[in-house]
Amino acid sequence: MACDEQKASSAVVLRSATLHDAEKIHALIHLHKNELVPRPMGNIVENIDRFLIADCGGEIAGCACFQVWPEIGDPLKATVEIQSVSVRAPFRRRGIGAMLVKGVIARVRPFCPAEVMVLTLTPEFFSTLGFAEIPKSHIMHKLYSGCINCTRHADPFTCPEKAMALPLSRA
């Protein structure tokens, strides 16, 4: 996929993030503070191995990461959450977001999770990738582990984000 007119010879390539990317990831997520849950730098560094980067000629066009949420008492029902999907404005509407989400799914598929899920303010985007809305009550492990610390809303059930899931075949 070509990046832009100035870098027409460059293609967008997905790659694993490195510690050298942490500050740029932090800045990219902060650019979208109204749409994404903020992440402190320490959290990004701790989870750098879970981030994918959309790289365009050495420039970060976007990022995404994942978090594994175990189901207590049943490790085979663990859910993987896709988080921090972000594409810089000059690179939007080029399929990079979809490329990142599909890249995360490909990366976690060998873990054999039951599903991947997302909490999002852009359900239309995720529905084009096969995700379907689910009740938030189906992801209580996520709500109690992650959403409970959110300072934006008093209650995860009043948060405007939609819970969406994509079942993964175990075959």
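Student: Are Phe126 and Phe131 buried or exposed?

Tutor: This is a predicted model, and in it both Phe126 and Phe131 are buried. Residues count as buried under 20% relative accessible area, and Phe126 has a value of 4%. Phe125, at 27%, is partly exposed.

Student: How many aromatic pairs does the structure hold, and why is the pair of Phe125 and Phe126 given its name?

Tutor: Ring planes over 60 degrees apart count as edge-to-face. The search of the whole structure finds three aromatic pairs. In one of them, the rings of Phe125 and Phe126 have centres 4.9 Å apart and planes at 80°, so this pair is edge-to-face. The rings of Phe126 and Phe131 are also edge-to-face, because their planes stand at 80°, with centres 5.4 Å apart.

Student: What is the order of the strands in the open sheet?

Tutor: Strands of a sheet pair through backbone hydrogen bonds, in parallel or antiparallel fashion. Here seven strands form an open sheet in the order β1-β2-β3-β4-β5-β7-β6, and the pairing is mixed. The edges are β1 (12-16) and β6 (132-133); each has a single partner strand, so one side of each lacks a neighbour in the sheet. Strands β3 and β4 run antiparallel and are joined by seven bridges, with Gly62 opposite Val87 in β4.

Student: Which strands does helix α3 touch?

Tutor: Helix α3 (residues 96-108) packs on the sheet and touches β1, β2, β3, β4, β5 and β7. Its buried residues include Leu100, Val104 and Val108.

Notes: Residues numbered from 1 in each chain as written. Predicted model: local features only at pLDDT ≥ 70, side-chain atom pairs only at ≥ 80, totals over all residues. Heavy atoms only, no water. Pairing = 2+ DSSP bridges. Helix = DSSP H or I, 4+ residues; strand = E, 2+ residues; numbered from the N terminus. Contact = heavy atoms within 4.5 Å. Axes fitted to C-alpha atoms, helices over the stretch in contact; angles between N-to-C directions. Buried < 20%, exposed > 50% of the residue type's maximum accessible area, 1.4 Å probe, protein only. Phe/Tyr/Trp six-rings, centres within 6.5 Å; stacked < 30°, edge-to-face > 60°.
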